[in-house]
Amino acid sequence: MLGNRHECQRALGEADEHLSRVRADDPAAALLCPTTPGRLAGSCYLHLGQPAKAEPILNATHQLLRQAKKSTAIVLGNLSLASIRQRHIDDATTYLHQAIDVLEQTRGGGGLNIAFTAARELRPWREHAPVADVSDRLMALMTTA
């Protein structure tokens, strides 16, 4: 988050090392989710301005998610951001539609923030029909109970 790639990679490596040592009998084992390392790394690489590095990590993390949870919307929103920043607009809108599907169920605040960030970054392509559709769905999401 401080923008230092080397320190970020070192911290991610340390986190992986610590998380790999968690065993089933660990009192905090229930708090560990198998998607945590990928969600963390993907987010870090996005913040470092490395969307091409974030995307495969986030894709692999998304494959581990078995159900629509708040964290699913975050991963999909971050995949949308990674796609936008690589100018893959059709992929970005596909991921954002999937994130909105999850948000309609979960109403997760973190996912909402990321979805709206992605929508703002899509503004240069607002005349593109899939981008307009995403904007319409986000507005509808905000106006439904």
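Helices here are DSSP runs of H or I with at least four residues, numbered from the N terminus. By that rule, Pro130 belongs to helix α7, which covers residues 129–143. The model is a predicted one.

**Pro130 and its surroundings**

Pro130 has a relative accessible area of 25% and is partly exposed, because that class lies between the 20% limit for buried and the 50% limit for exposed. Leaving out residues up to four places away in sequence, Pro130 touches Asp90, Thr93 and His97.

**Helix α1**

The N-terminal end of α1 is capped by Asn4, which places a side-chain oxygen 3.2 Å from the backbone nitrogen of His6.

**Two helix pairs**

Helix α3 (residues 51–64) packs against helix α4 (residues 70–85) with the axes 9 Å apart and an angle of about 150°. The two are therefore roughly antiparallel, since angles over 145 degrees fall in that class. The crossing of α3 past α4 is left-handed. On the α3 side, the contact is made by Pro51, Glu55, Leu58, Asn59, Thr61 and His62. The α4 side supplies Thr72, Val75, Leu76, Asn78, Leu79, Ala82, Ser83 and Arg85.

An α-helix has 3.6 residues a turn, so residues three or four places apart point the same way.

Helix α6 (residues 109–121) and α7 cross at roughly 145°, and their axes come within 11 Å. Here too the handedness is defined: α6 passes α7 in a left-handed crossing. Leu112, Ala115, Phe116 and Ala119 of α6 meet Leu138, Leu141 and Met142 of α7.

Pro56 is located in α3. Its relative accessibility is 47%, which means that Pro56 counts as partly exposed. Pro56 and Ser83 are 27 residues apart in sequence, with a C-alpha to C-alpha distance of 11 Å. Ser83 is one of the α4 residues in the contact with α3.

Ser80 is found in α4 and is buried, with a relative accessible area of 0%. Apart from neighbours within four places in sequence, Ser80 is in contact with Ala92, Tyr95, Leu96 and Ala118.

**Positive phi in loops**

Arg87 is not a glycine, yet has a positive phi of about 65°. Arg87 is in the loop between α4 and α5, where α5 covers residues 89–106. Arg107 also has a positive phi, near 55°, and is a residue other than glycine. The loop that holds Arg107 is the one between α5 and α6.

**Accessibility by residue**

The table collects the relative accessible areas.

| Residue | Relative accessible area | Class |
|---|---|---|
| Ser80 | 0% | buried |
| Pro130 | 25% | partly exposed |
| Arg107 | 34% | partly exposed |
| Pro56 | 47% | partly exposed |
| Arg87 | 57% | exposed |

Arg87 counts as exposed because its 57% relative accessibility is over the 50% limit. Arg107, at 34%, is partly exposed.

Definitions and conventions
Residues numbered from 1 in each chain as written. Predicted model: local features only at pLDDT ≥ 70, side-chain atom pairs only at ≥ 80, totals over all residues. Heavy atoms only, no water. Polar contact = N/O pair within 3.5 Å; in protein donor to acceptor, adjacent residues only side chain to side chain. Buried < 20%, exposed > 50% of the residue type's maximum accessible area, 1.4 Å probe, protein only. Contact = heavy atoms within 4.5 Å. Axes fitted to C-alpha atoms, helices over the stretch in contact; angles between N-to-C directions. Parallel < 35°, antiparallel > 145°, perpendicular 65-115°, else oblique. Left-handed = near helix turned anticlockwise from the far one by under 90°.
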